[in-house]
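Here are my notes from going through the model you sent.

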Amino acid sequence: MTTYFLELLAREASAVEFEGPIVEARAQGADPATIEELEQAKVEALKVRALLRRRARREAELSALYDTAGDLAALRDLDAVLEAIVHRARQLLATDIAYMTLHDPEQGDTYMRVTDGSISAKFRALRLAMGAGLGGLVAQTATPYATADYFADARFRHKGHIDEAVKEEGLVAILGVPLRLGQRVIGVLMAANRSARPFHQEEVSLLASLAAHAAVAIDNARLLQETRNALEELSQAHRTARAHGEAVERAALAHDRMTSLVLRGGGIEDVAAVVTEVLGGSLAVLDDLGRPITGDVGELDAGVFEAAQASRALGRTVRRGDQLIASVDVGGEPLCTLVLRSDDADERILERAALVCALLLLFRRSVAEAEGRVRGELLEDLISRPDSPGLADRARRLGVDLRAPHVVVVARHGGQRERAAFWASSHATVRHGLAAGRGEEVVLLLPGVDAGGLAQRVAAELSASLHSPATAGASPARLPEASTGAPTGGSGGGAASGSGGGAAGARDVAEAYQEARRCAEALLALGRAGDGASAAELGFVGLLVGDGRDVRGFVGRVVGAVIDYDARRGTALTDTLSAYFGTGGSPSRTAEAMHIHVNTVTQRLDRIGKLLGDGWLEPERALEIQLALRLHRLGHTSSPQTVGPGPI
């Protein structure tokens with residue numbers, strides 16, 4: 001019979017089969033001693049069977065641990081290793097499900113990392129607060145916990161959302177062991193059944209061994225990733241250092257070329273050519289007002305100027321789309337801006353080019369300011385000391401021809417003295433004239449005869465430069481060298497001031513300056529800030545501000561067409577116009593006063609309107625016409641050609 005039990009052990013028979021020899025002996029009527037002996041042999045055989053099964057299981061566990069260690073040695077994918085550990089835990093413990101949670105240091109809880117055998121999406125997305133649920137308790141205490149019946153176990157805090165997920169998964173018996181790195185718990189490895197079952201100490205030890213391997217895998221993966229990151233950072237730093245060195249060398253070479261150009265007398269155009277040769281693309285250099293000095297990048301929108309402002313604030317190049325913008329300022333005021341259209345360019349070279357261009361512009365500005373001071377001193381002498389010797393020679397050296405007719409322009413601005421003076425000096429240099437700054441105004445002596453036109457041009461251009469209204473008055477001037485043979489008197493406004501030739505209708509520079517100032521002040525008083533005019537364009541106001549009191553010119557400009565018509569046709573339009581204004585603009589009372597029919601008055605007024613043009617009845621125009629008619633009547637003249645000053 002002993003041999004029979006050995007055969008059962010050899011073929012790994014089930015425990016029930018070990019009852020066979022005893023049942024057979026009883027059937028054959030064996031005595032009690034034999035039955036007792038067989039019972040004893042059966043018990044010993046079952047003990048051997050249990051020992052063999054434990055050893056087989058231990059062998060399988062050791063094999064699984066060995067395989068896990070091999071996976072760790074050949075670690076390539078952390079996810080694959082963790083999935084293998086969880087899968088082996090499920091197989092070795094013969095549970096329905098196994099899973100692993102890891103600690104989230106940012107949120108202070110644990111989250112589901114790997115599952116094997118799970119069927120619930122809610123369970124796979126579960127997060128456990130420290131101390132909540134069985135897994136939270138294991139993570140908090142760093143101690144293994146097992147429960148044969150999860151919902152009946154009161155050793156841990158039950159949370160509604162955790163219990164719902166566990167119930168949806170159908171779990172009953174759960175075992176959890178901590179994943180530890182030193183004294184720190186980084187997660188929990190768990191195995192669970194969907195029916196009640198106890199977990200033996202051997203199973204707890206096995207799961208703890210797998211958890212230890214998992215912790216090592218996670219730490220190795222972390223160290224490996226940190227090493228890879230460090231190597232990548234080192235490699236990137238090396239590439240960056242090499243690229244930086246090459247960029248610095250390239251920028252230095254470009255800077256040397258630009259410096260050499262400047263030393264050889266090159267200008268901004270030459271610097272721009274070097275930049276486009278080195279960087280490619282198209283380059284435009286803008287002045288302090290955003291106007292192109294060289295190059296063309298098309299129409300510039302507000303975004304470019306905002307980027308230029310940002311570049312000056314940051315002290316570096318700013319990218320806007322395919323444009324690189326580098327801008328330089330001096331004392332908070334923009335000096336120059338470089339706009340490069342290029343997809344990829346070295347910003348350092350563009351920044352150095354901007355500095356070189358800024359230095360060139362500063363040099364030009366310094367030269368212009370020095371020349372401006374010389375020109376300003378000459379203009380001051382022409383105004384205050386016209387008899388000083390050598391004025392003509394000084395003017396000739398500056399390219400100013402005092403023999404040509406000139407106009408004095410006085411421009412009142414809003415207090416931006418340096419900017420206004422720089423603009424006036426530059427404008428006068430280009431026009432071969434003179435300029436000087438005087439407090440809240442700039443004075444220009446420009447060649448020309450159209451005083452009103454020059455005043456309007458100066459007002460418009462200076463206003464644009466200052467971004468605020470500049471008001472300009474003008475008057476023709478008689479220069480010292482041009483005074484020989486010219487009349488000593490003459491009028492200050494009228495036709496001569498608008499289109500006169502040379503100094504014939506002009507005054508000394510000092511007198512012209514005073515009249516131009518009065519014209520500018522009159523414009524401001526009339527609410528025409530930002531406008532420009534001479535006494536001729538100011539109408540009857542010009543009679544008050546002009547030195548010559550050109551009554552004849554004023555009458556001719558305002559009502560000359562009507563007076564001429566009467567002279568040619570023998571009509572009485574002038575008298576009709578006077579009567580019309582004298583009766584308060586009433587055609588019927590005008591007809592009574594002149595003893596004519598009202599229809600005749602209407603016809604005459606229609607003719608007058610055609611001669612004087614549209615708007616002749618507007619208040620300001622009507623006032624000028626009435627004043628001109630009064631002056632004409634007081635002068636006892638019949639045409640503009642014979643109108644004299646008369647008694648005023």
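**Notes on strands and helix packing**

1. Let's start with strand 15. Thr-471, Gly-473, Ser-475 and Ala-477 point one way from this strand, while Ala-472, Ala-474, Pro-476 and Arg-478 point the other way, and all of them are buried. In a regular strand, side chains alternate between the two faces of the sheet. Keep in mind that this is a predicted model.

2. How many of the residues of strand 15 are buried? Eight of its eight are, so the strand (residues 471–478) is mostly covered, taking buried to mean under 20% relative accessible area.

3. Now the neighbours of strand 15. Strand 12 (residues 406–412) runs antiparallel to strand 15, joined to it by seven bridges. Strand 17 (residues 532–534) runs parallel to strand 15, with three bridges between them. There, Gly-473 stands opposite Ala-533 of strand 17.

4. Five strands make it up, in the order 8-7-11-10-9, and their pairing is antiparallel. Its edge strands are strand 8 (292–294) and strand 9 (318–320), each pairing on one side only. From one strand to the next, the twist averages 30°.

5. Within that sheet, strand 7 (residues 282–286) pairs with strand 11 (residues 333–341) in the antiparallel sense, over five bridges. If you want a residue pair to check, Leu-283 stands opposite Leu-340 in strand 11.

6. Which strands does helix 10 lie across? Helix 10 (residues 302–314) lies across strand 9, strand 10 (323–330) and strand 11, and it runs at about 55° to strand 10.

7. Last, a helix pair. Helix 13 (residues 417–430) packs with helix 14 (residues 451–466) at an angle of about 135°, and their axes are 10 Å apart. Helix 13 passes helix 14 in a right-handed crossing.

8. And what meets what in that helix pair? From helix 13 come Arg-419, Ala-420, Trp-423 and His-427, and they meet Val-458, Glu-461, Leu-462, Ser-465 and Leu-466 in helix 14. Sorted by class, this contact of helix 13 with helix 14 has five nonpolar, two polar and two charged residues.

Key:
Residues numbered from 1 in each chain as written. Predicted model: local features only at pLDDT ≥ 70, side-chain atom pairs only at ≥ 80, totals over all residues. Heavy atoms only, no water. Axes fitted to C-alpha atoms, helices over the stretch in contact; angles between N-to-C directions. Helix = DSSP H or I, 4+ residues; strand = E, 2+ residues; numbered from the N terminus. Left-handed = near helix turned anticlockwise from the far one by under 90°. Contact = heavy atoms within 4.5 Å. Nonpolar A, V, L, I, M, F, W, Y, C, P; charged D, E, K, R; others polar. Pairing = 2+ DSSP bridges. Buried < 20%, exposed > 50% of the residue type's maximum accessible area, 1.4 Å probe, protein only.
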